[in-house]
Amino acid sequence: MRTALIVATLALSAVAACAPSSPALTQSGSQRTCFFAQEVDSFASSDDRQVYVRTSRNEVFELTTMGCTNVDWSHQIGIAPRGGGTSICSSMDADLIVPDLPGGRTTCPVTGVRRLTDAELAALPERDRP
């Protein structure tokens, strides 16, 4: 029984990994844009609430947290998908991992995810552009 459950879980994971990465439609009919954590090339943050990440597809996403200590001073971050998925589309999909002193790390829940438009990106201060 346990082996069958493990095999079923692996099969579902494989199917989810092969799903198309194009934007899906939300219930309201608008496009929901997602990204994969492994696609993140760079990040920038000037406070402990907003983190901007640039993906390999040259898209910039704003990740909002409830307050993540040291993210504005950090030289590196990690993004951990939640719930066994690989794509990050909404606030329930990821945690931000920030190195902490000495040698530890802080995990901060992401409370908002949205893709920035070209106009929003152009309006960002230079220090916030990834």
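Leu63 stands opposite Val113 of strand S10. In this predicted model, that pair belongs to the antiparallel pairing of S6 with S10, which extends over five bridges. In soluble globular proteins, nonpolar side chains tend to be buried together.

The strands are arranged in an open sheet of six, in the order S4-S5-S6-S10-S9-S7, with antiparallel pairing. S4 and S7 (78-81) form the edges, each pairing on one side only. From one strand to the next, the twist averages 35°. At the S4 end of this order, S4 pairs with S5 (residues 50-55) through four bridges in the antiparallel sense, and Val40 stands opposite Thr55 of S5. S5 is in turn joined to S6 by five bridges, again running antiparallel; here Tyr52 stands opposite Glu62. S5 and S6 form a hairpin with four residues between them, and Asn58 in the turn has a positive phi of about 60°.

Strand S6 is largely enclosed by the rest of the structure, because six of its six residues are buried. In a regular strand the side chains alternate between the two faces of the sheet. Along S6, Val60, Glu62 and Thr64 point one way, whereas Phe61, Leu63 and Thr65 point the other way, and all of them are buried.

Cys34, in the loop between S2 (31-32) and S3, is buried, with a relative accessible area of 16%. Beyond its neighbours within four places in sequence, Cys34 is in contact with Arg57, Phe61, Ser87, Ile88 and Cys89. The C-alpha atoms of Cys34 and Arg115 are separated by 8.1 Å, although the two residues are 81 apart along the chain.

Glu39 lies in the loop between S3 (35-36) and S4 (40-44) and counts as buried because its relative accessibility is 14%, under the 20% limit. Arg49, by contrast, is partly exposed, at a relative accessible area of 38%, and is found in the loop between S4 and S5. Its contacts, leaving aside neighbours within four places in sequence, are Leu63, Thr64, Thr65, Met66 and Gly67. Between Arg49 and Thr111, 62 residues apart in sequence, the C-alpha to C-alpha distance is 9.6 Å.

The pLDDT averages 78 over the chain, and 75% of the residues score at least 70. Over residues 1-30, however, the pLDDT is below 50, and this stretch has 10 contacts in the model beyond near neighbours in sequence. Where pLDDT is low, the predicted coordinates should not be read in detail.

Note on methods. Residues are numbered from 1 along each chain as its sequence is written. This is a predicted model: local features need pLDDT of at least 70, side-chain atom pairs count only at pLDDT 80 or more; totals for chains, interfaces and linings use all residues. Side-chain values use heavy atoms; hydrogens and water are left out. Helices (H or I, at least four residues) and strands (E, at least two) are DSSP runs, numbered from the N terminus. Buried means under 20% relative accessible area, exposed over 50%, partly exposed in between (1.4 Å probe, protein chains only). Contact means heavy atoms within 4.5 Å. Two strands pair if DSSP finds at least two bridges between them. Axes are lines fitted to C-alpha atoms, for helices over the stretch in contact, and angles run from 0 to 180 degrees between N-to-C directions. pLDDT is the predictor's confidence in each residue, from 0 to 100.
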